[in-house]
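Please open the model in your viewer and keep the selection panel at hand. The tour below moves from one selection to the next and says what is found at each stop.

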Amino acid sequence: MSSVRPLSQVPPGAEAQIRGFDPLCQEPHRLREMGLLPGTTIKLVRWAPLGDPLEVKVRGYHLSLRKAQADHIEVIYSD
Amino acid sequence: MTSSVNAVPQARVTTFALVGNPNCGKTTLFNALTGMRQMVGNYPGVTVEKKVGEMFSLHGEPIQVIDLPGAYSLSPRSPDEAITRDVLMGRLADTRQPDQIVCVLDASNLERNLFLATQVLDLGLPTILVLNMMDLAEAKGFRVDTAALSRELGVPVVACQASHKVGIIELKQAMGRNHPPPSVRQWRVPGSMEPGLAELTACLTTENKIARSRVFSEALMYLTDDKSRNEAGLSSRCQRVIEEIDQRFRQKGFDCHEAVVTARYHYIQEVCDRVARGGAANTPDISDRLDSVLTHPIWGWAIFLGLMGVMFFSIFTLANYPKEWIESGFAALANQIKNSMAVGDLRDLITDGALAGVGGVLVFLPQILTLFFFIGLLEDTGYMARAAFIMDRLMSRVGLHGKSFIPMLSSYACAIPGIMATRTIENPKDRLVTILVAPLMSCSARLPVYTLMIATLLPEQKVPALQKAGIMMALYLFGTATAFFFAWLFKKTLMRGETPVLIMELPPYRRPSLPSVLMQMISRSKLFVKRAGTVILGLSILLWFLAAYPKAGSGSASPQLAQSFAGKLGRSIEPIIKPLGFDWKIGIGLISSFAAREVFVSTMSIVYNVEDSSDVTLPLRDTMLKEKWPDGTAVFTPLVCISLMVFYVLAMQCVSTIAVVRRETNSWRWPLFQLFYMTGSAYLASLIVYQTGRLLGF
């Protein structure tokens with residue numbers, strides 16, 4: 001089953017497809033420029049030791065985002 | 001009319017701009033190309049480092065290279081990125097648009113690096129692409145066909161491993177080409193944007209006389225980045241055209257920025273499919289494996305704390321040896337001059353003013369060099385981003401960014417390198433808040449004062465060392481807690497605005513290159529000596545003057561210092577500091593502390609020991625304990641000691657820091673604000689401590 005959910009709800013180690021940013025997402029321009037576009041595969045690698053921020057892998061590189069941002073990135077996740 | 005040297009025809013030195021994403025190895029390449037022929041300065045009005053170097057082509061012609069700040073995009077998000085765009089597009093008044101561009105790509109992270117490259121290639125300047133870190137890419141099983149990439153993009157492509165100086169000759173050869181052709185845009189603009197772009201380029205060409213080669217990228221910038229419109233001196237007609245086009249798109253719900261980014265990445269994907277092979281994304285590489293340990297909930301913390309401990313220890317203790325050598329060297333030099341020159345003001349000006357000032361600057365160097373060495377190492381290996389990743393949650397509690405952690409930690413050693421280390425923070429507000437609170441972290445100059453006051457507070461021999469250490473620890477904790485409190489307060493009030501956003505790359509781990517770490521360390525330290533040094537020297541001479549004039553008569557009973565302006569100042573502030581329990585002699589100590597806090601100790605020994613006409617020099621502590629107010633009560637009661645310590649934890653008493661903050665923020669506003677808020681809260685806190693203590697009967 002595939003479902004739409006925020007990036008922050010993807011289990012660590014799992015991959016998902018970016019669907020888009022909701023209107024509350026901050027700096028969507030920069031996220032797109034960094035290669036986070038609809039259809040791009042994104043992997044949630046891990047959460048930081050204190051539970052925030054999180055680390056994702058996208059287009060072969062690693063990026064760190066706070067949960068507050070990942071809450072507003074919609075992904076398609078199939079389990 | 002400007003009559004200029006340009007009227008004389010002379011061979012103009014070709015200027016290359018070096019541009020690329022952060023962490024693409026651009027600086028290593030810059031060092032490999034220019035060696036030690038580098039100059040570091042600042043772009044006017046901002047604190048972005050301007051690095052210019054000189055090199056020679058294979059034919060021996062001089063070439064100037066500008067190392068631009070790393071950028072992910074030409075739609076800037078930080079002052080650094082804005083400088084990169086402005087230099088490349090010739091928008092800066094004092095920096096000529098470069099003649100050619102070397103665009104550096106991390107071959108192991110090709111897709112995202114090509115995004116900036118497509119923007120650079122739009123500029124219509126002769127461009128060379130450098131595929132750096134080919135070794136890393138190949139280790140990942142990723143192969144790039146440079147010849148095919150060159151055909152696709154229509155520009156020369158050179159494969160390099162800058163850290164091993166591989167490919168440098170080939171790059172120099174490419175840089176020496178005669179009449180290189182301008183780059184030509186290969187990707188296709190979304191069809192729906194073409195009419196609007198054509199209209200705007202026509203307007204920009206006729207109205208603003210923008211050169212044909214770069215008019216496309218400028219038009220695209222205005223349509224996709226609305227902030228850029230306000231900065232440019234656009235004609236009103238062009239502004240109207242932009243607004244009309246904007247309106248049309250907005251009605252249709254069309255996002256220009258999104259469309260252009262999508263089109264670029266679409267093109268990039270096509271190119272990569274044709275020129276690159278391999279790179280199975282899911283096999284964990286060395287970086288992944290290292291990360292699973294270094295950001296591990298337990299091991300990650302252990303290693304992090306260990307590394308910070310080593311760094312702190314080195315700044316605190318190792319750097320102390322050269323610091324002492326410099327101090328004793330300058331003392332010996334001053335003695336030498338004192339013995340060989342005739343007694344007089346000139347001699348004193350040289351030894352107590354100028355030499356003390358120069359020494360005061362150089363004495364910071366060991367700590368600054370050590371700190372910058374570690375910072376360079378942490379940045380070069382890629383660990384810095386992990387430290388920020390681990391600490392971000394804690395720092396975000398007070399509204400700061402994980403990157404504020406290192407500057408604040410460094411400030412325990414000395415606020416000056418700490419403040420200079422804030423340059424790694426992109427967000428100007430976060431950076432400013434970090435600068436404002438950094439001096440609250442107890443620096444090593446407070447240590448001698450703390451030591452003296454703790455000894456005065458607990459004079460008995462049998463006091464356990466643990467108790468003294470406990471007080472010391474409490475002072476450090478008090479300063480740190482106050483720093484976090486003010487950071488939180490400033491983020492809530494002065495620096496309100498957007499909630500902090502973190503979009504931080506975690507670059508792959510790399511073996512650090514020692515020459516590049518050392519080079520960075522030296523160039524940053526040079527900047528400190530040059531910029532802060534002059535102010536510190538000037539103020540040291542001023543402080544000397546205040547202590548040396550007016551002259552006490554030869555028969556005068558009271559010492560020179562008491563007669564001087566500084567002494568008078570001490571007396572005149574006594575009514576203000578008396579509620580804190582301080583007399584005018586402590587007042588002199590407070591004033592002289594502005595040269596550097598540790599001066600308090602030497603000033604107090606001058607104030608007390610010189611006044612004590614007996615030849616026996618008692619330990620300062622014992623003299624202080626015997627000190628009495630005119631009414632016969634002791635000056636240094638335990639309460640006064642605590643009040644004084646609280647004052648030293650909080651007060652801004654360091655001209656060097658003020659000078660550096662002035663340089664880093666480019667205005668007197670922030671250092672003055674810092675002086676008042678810190679000294680004000682110090683006064684208040686000491687007042688509360690002393691008066692409450694008195695009420696409670698201490």
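Begin by selecting the chain A and chain B residues that meet, where 31 residues of chain B are in contact with 28 residues of chain A, two residues being in contact if their C-beta atoms, placed from the backbone, lie within 7 Å. This is a predicted model, in which local features need pLDDT of at least 70 and side-chain atom pairs count only at pLDDT 80 or more, while totals for chains, interfaces and linings use all residues. Residues are numbered from 1 along each chain as its sequence is written, and chains are lettered from A and ligands numbered from 1 in the order in which they are written.

On the side of chain B that touches chain A, the elements giving two or more residues are H3, helix H11 (256-275), helix H13 (299-318), helix H17 (383-397) and strand S10 (503-506) of chain B; helices (H or I, at least four residues) and strands (E, at least two) are DSSP runs, numbered from the N terminus. Coloured by class, this side shows 15 nonpolar, nine polar and seven charged residues, with Ala, Val, Leu, Ile, Met, Phe, Trp, Tyr, Cys and Pro counted as nonpolar, Asp, Glu, Lys and Arg as charged, and the others, Gly among them, as polar.

Next, select S10(B) together with strand S5 (residues 61-65) of chain A, which run antiparallel and are joined by four bridges; two strands pair if DSSP finds at least two bridges between them. Within this pairing, B:Glu505 is the bridge partner of A:Leu63.

Move on to H17(B), whose 15 residues reach 22 Å from first C-alpha to last, close to the 21 Å expected at 1.5 Å a residue, the expected span being 1.5 Å times one less than the number of residues. Centre the view on B:Met391, where H17(B) has a kink of about 55°, the bend being the angle between axes fitted to the seven residues ending there and the seven starting there. Eleven of the 15 residues of H17(B) are buried, among them B:Tyr383, B:Arg386, B:Met391 and B:Asp392; buried means that 20 or more other C-beta atoms, placed from the backbone, lie within 10 Å of the residue's own. Just after H17(B), B:Gly399 takes a positive phi of about 80°.

Finally, select domain 1 (9-175) and domain 2 (191-278) of chain B, with bounds from an automatic or database domain assignment. Here 18 residues of domain 1 of chain B are in contact with 19 of domain 2 of chain B, and H3(B) gives the most to the domain 1 side, with five residues.

Definitions and conventions
A residue is buried if 20 or more other C-beta atoms lie within 10 Å of its own, exposed if 12 or fewer, and partly exposed in between; C-beta atoms are placed from the backbone.
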